[in-house]
Amino acid sequence: MAALSSALLFLLLVLLNAPSPTVDAQNPPNPAYYPSYRAQSVDFNQKYRNRWGPQHQRLDQNALTIWLDRSSGSGYKSVESYRSGYFGASIKLHPGYTAGVITSFYLSNNEAHPGQHDEIDIEFLGTTPGKPYTLQTNVYIRGSGDRNIIGREMQFHLWFDPTQDFHYYAILWDPNEIIFYVDDVPIRRYPRKSDATFPQRPMWVYGSIWDASDWATEHGRYRADYNYQPFVGRYKGFKIGGCTADAGPGCRATNGSPRGYGGLSPQQEKAMVWVQNNHMVYDYCSDPQRDHTHTPEC
């Protein structure tokens, strides 16, 4: 009995002095739902076409490389337009000095509605050595990105180095909400609060790399330096789970959460809150210098 008591006492002391379980502070909580697994993988040549800079674009076994140098950048566009859906790709960014350079994946109807277009953006704003890329998400409605610039930017510094490996970035756009994902973790949800603040017209899917020196890096303080050219963006793992503009009423796009009817699950919400608390660096709704009469959703 004495031996047993000693053993129990020893076990109790071990448990009391053991380190308490910790949450991984470097990575977001598991969202427990992975919409990228549910969306259909697509062949680039079947769903996309070069939009500009064909001499700066190379496709190898469904992996696309586009690059920017002093002469040109490059971009691609989906063959079809979509009225809703889930759209994603794995992207690897260029390392080193990339100030002024934007690598992007986005939805837009700017060619169909010049001066009055809608747009949903994932943009990687280039940087200088030692500073992280900024991932900018943005939503434009009916020309607010053209003559009357009303952006709805939310910016992040990622919890990993996006130049070291491919990571998966996606946009979910359905009639009720827009959700931005990084590796299936929702980082931003933009709900439809009114018709005036939500894009509803069909859009195409785009990707590009281009020179935005006037504003991309620290408001234009650092510009593209072509001594470091070419600047390269790499894309693969293209996925589309969407309804084309002419699809029938029975079309159903990929769900962004296990709820199946919009919104996020508690696990997804927890992951998104973690990202926004730890890695969000700008939110237009919290900017006191913005005129929020133009952004009533705030």
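The model is predicted. Eight strands make up an open antiparallel sheet, and the structure contains two disulfides.

**Sheet**

- The strand order across the open sheet is β2-β5-β14-β7-β8-β9-β10-β16, with antiparallel pairing.
- The edges are held by β2 (48-52) and β16 (280-283); each has a single partner strand, so one side of each lacks a neighbour in the sheet.
- On average, and with direction ignored, neighbouring strands of this sheet are turned by 15° against each other.
- Strand β8 (residues 119-125) runs antiparallel to strand β9 (residues 134-140), and seven bridges join the two.
- Within that pairing, Ile-122 has Thr-137 of β9 as its bridge partner.
- In general, strands of a sheet pair through backbone hydrogen bonds, in either a parallel or an antiparallel manner.

**Disulfide Cys-243 to Cys-251**

- The sulfur atoms of Cys-243 and Cys-251 lie 2.1 Å apart, and the two residues form a disulfide.
- The torsion about the S-S bond of Cys-243 and Cys-251 is about -100°, so this disulfide is left-handed.
- Cys-243 has 2% relative accessibility and therefore counts as buried, the cut-off for buried being under 20%.
- Cys-251 has 24% relative accessibility and therefore counts as partly exposed.

**Disulfide Cys-285 to Cys-298**

- Cys-285 and Cys-298 are joined by a disulfide with an S to S distance of 1.9 Å.
- The torsion about the S-S bond of Cys-285 and Cys-298 is about -80°, so this disulfide is left-handed.
- Cys-285 and Cys-298 are 13 residues apart, and each is in the segment after β16.
- Cys-285 counts as partly exposed because its relative accessibility is 28%.
- Cys-298, at 43% relative accessibility, also counts as partly exposed, since exposed requires over 50%.
- With bonded cysteines counted along the chain, the disulfides follow the pattern 1-2, 3-4.

**Largest pocket**

- Two or more lining residues come from each of β2, β5 (74-78), β7 (101-108), β8, β9, β14 (204-211) and β16.
- By class, the lining of the largest pocket has 14 nonpolar, 17 polar and nine charged residues.

**Second largest pocket**

- The lining of the second largest pocket divides into ten nonpolar, eleven polar and five charged residues.

Notes:
Residues numbered from 1 in each chain as written. Predicted model: local features only at pLDDT ≥ 70, side-chain atom pairs only at ≥ 80, totals over all residues. Heavy atoms only, no water. Pairing = 2+ DSSP bridges. Helix = DSSP H or I, 4+ residues; strand = E, 2+ residues; numbered from the N terminus. Axes fitted to C-alpha atoms, helices over the stretch in contact; angles between N-to-C directions. Disulfide = S-S within 2.5 Å. Buried < 20%, exposed > 50% of the residue type's maximum accessible area, 1.4 Å probe, protein only. Nonpolar A, V, L, I, M, F, W, Y, C, P; charged D, E, K, R; others polar.
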